[in-house]
Amino acid sequence: MKNYMRWMGTGIACLLLARLAPALAQSELKTEFNLTGGGEYNIFKSPDVLYNNETDEYWDRDSLLISDMLADVGYDIDFLKEKDNKYAFSLGSDLWYRYYLNYDELSQTRLNAYTDYTRLLGKKIHLGLFYNFRWSDRVGSSVTGDLLMRSFKYLGNEAKLYLDILPSKKLSMRLFSRYQYKIYYDENTFDPLDHANLEFSYSINAEPARKHEVNMELSLLDRYYTHYHALDASGTYDRISPLRHFRYFAAQLDYSWKPMRGFRINPELEVKRRVDMFEGYYSYFSYGGGLRIRYMRNGFYISLYGDYKLLNYDIREAFSSHAVNPMLEYGYFDYSLTMKHKLSRQWEISLRLNSDARSSNSDLEDFRTRRGYNNYEALIGINYALPDMKWK
């Protein structure tokens, strides 16, 4: 009887595999787990000097800046199926969880799940549909910057429709529209930040010469808040004002050069314009550039990236000691160093150093907001990738 049951179970398993085999043909499954440990300085990106008007004294630096040791854990799973160059279908999920050693209430979680389908309408035209679900749970500073423990937990849904046009092997274009909606958890403290994004974008990628590549992208995005009211030109919040509505215009130019095997240099430029559609209080213009240098060979990878951006508001003022407040200006300088080394096909170790700094022309030390800050992060990690599963 036991042998009969075992044979019947084996037979059922074989039938299931036989039924699944055609569906899994030309498929691939990749799974990776990661564990990282390190520390973060100035988690809430607070200024390092703050004057307390009530006590007529400066805040203690140790109580003003929150820093801690941390650990990151996560996974990344991707399934890809292709069918005779007719379509491609992918399904995936990734999880990122950050735990702070001494500030458990600051722990963060981010979960993504996506699906992507691309259909070949011809040899040179591809139509794609993309959907992404995201759940994010984290805390941060409030809108005023004085309340450090505001929740920014939300559920996000994103749908994208794109069209790829491939005139030649060295030229490709993409048109896409994207709709995204975020629902924030209500805290009964502030109006919820729920909003919808509607974006249209056009990008073109060209290889004018061997080892050279140029990419340009133009985008238009409208952001509609469903509960949050706009500020008037003086920065006053009033519930009789219309709901907040921002419009973004952006242009980005990237250049890639491969001077030698395994080596790549990527300079980039970007300009962005945000228009506050009510009375322009949050309108600004920003521009900047960055440079990424990468080297990868024999299981070793290193990437050095730095960028600088200037942001100028139209009518929003800085908190200044001058008789007349100037328009608010920010300068952002970020850089990162990433190093990875493969110990084997499955195991990889990594080192990441990140810096996020902002300068500001707000110089009044009794205001936390609109000030400059410095944030640093150092992480050492290990990744484990399961052997890829492939079905021919």
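Visitor: Which residue lies over the face of Tyr330, and at what distance from the ring centre?

Guide: In this predicted model, Arg358 lies over the face of Tyr330, at 4.0 Å from the ring centre. A second contact of this kind involves Lys160, placed over the face of Phe130 at 5.3 Å from the ring centre.

The aromatic pairs come next. A pair of aromatic rings is described by the distance of the centres and the angle of the planes. The count comes to 18 aromatic pairs. One of them joins Tyr228 and Tyr237, whose ring centres are 5.6 Å apart with the planes at 35 degrees, so this pair is tilted. Tyr228 is buried, its relative accessible area being 9%. Tyr237, by contrast, has a relative accessibility of 34% and counts as partly exposed. Tyr330, the ring that lies under Arg358, also takes part in an aromatic pair, with Tyr332 as its partner. That pair is edge-to-face, with 5.8 Å from centre to centre and 70 degrees between the planes. Tyr330 and Tyr332 are both buried. As for Tyr228 and Tyr237, they belong to one aromatic cluster together with Tyr225, Phe246, Tyr248, Tyr281 and Tyr282.

Charged side chains also meet one another, and the count comes to eleven salt bridges. Among them is the bridge between Glu28 and Lys30, where the closest N and O atoms are 3.9 Å apart. Lys30 is partly exposed, with a relative accessible area of 42%. Another salt bridge joins Arg98 to Asp72, at 2.8 Å from N to O. Arg98 lies in strand 5 (residues 87-100) and Asp72 in strand 4 (residues 68-83), so this pair ties together parts that are 26 residues apart in sequence. Both Arg98 and Asp72 are buried.

Asp137 lies in strand 7 (residues 125-137), while Lys153 lies in the loop between strand 9 (150-151) and strand 10 (154-168), so the pair ties together parts that are 16 residues apart in sequence. Asp137 is partly exposed, with a relative accessible area of 21%. Lys153 likewise counts as partly exposed, at 23% relative accessibility.

The backbone deserves a final remark. Most residues other than glycine have a negative phi. Asn42, although it is not a glycine, has a positive phi of about 60 degrees. Asn42 lies in the loop between strand 1 (27-41) and strand 2 (51-52). Lys45 is found in the loop between strand 1 and strand 2 as well, and its phi is also positive, near 55 degrees. In accessibility, Asn42 is buried, with a relative accessible area of 1%, whereas Lys45 counts as partly exposed at 34% relative accessibility.

Conventions:
Residues are numbered from 1 along each chain as its sequence is written. This is a predicted model: local features need pLDDT of at least 70, side-chain atom pairs count only at pLDDT 80 or more; totals for chains, interfaces and linings use all residues. Side-chain values use heavy atoms; hydrogens and water are left out. Rings of Phe, Tyr and Trp (its six-membered ring) pair if their centres lie within 6.5 Å; planes under 30 degrees apart count as stacked, over 60 as edge-to-face and the rest as tilted. Buried means under 20% relative accessible area, exposed over 50%, partly exposed in between (1.4 Å probe, protein chains only). A charge sits over a ring if NZ of Lys or CZ of Arg is within 6 Å of the ring centre and within 35 degrees of the ring normal. A salt bridge is a side-chain nitrogen of Lys or Arg within 4 Å of a carboxyl oxygen of Asp or Glu. Helices (H or I, at least four residues) and strands (E, at least two) are DSSP runs, numbered from the N terminus.
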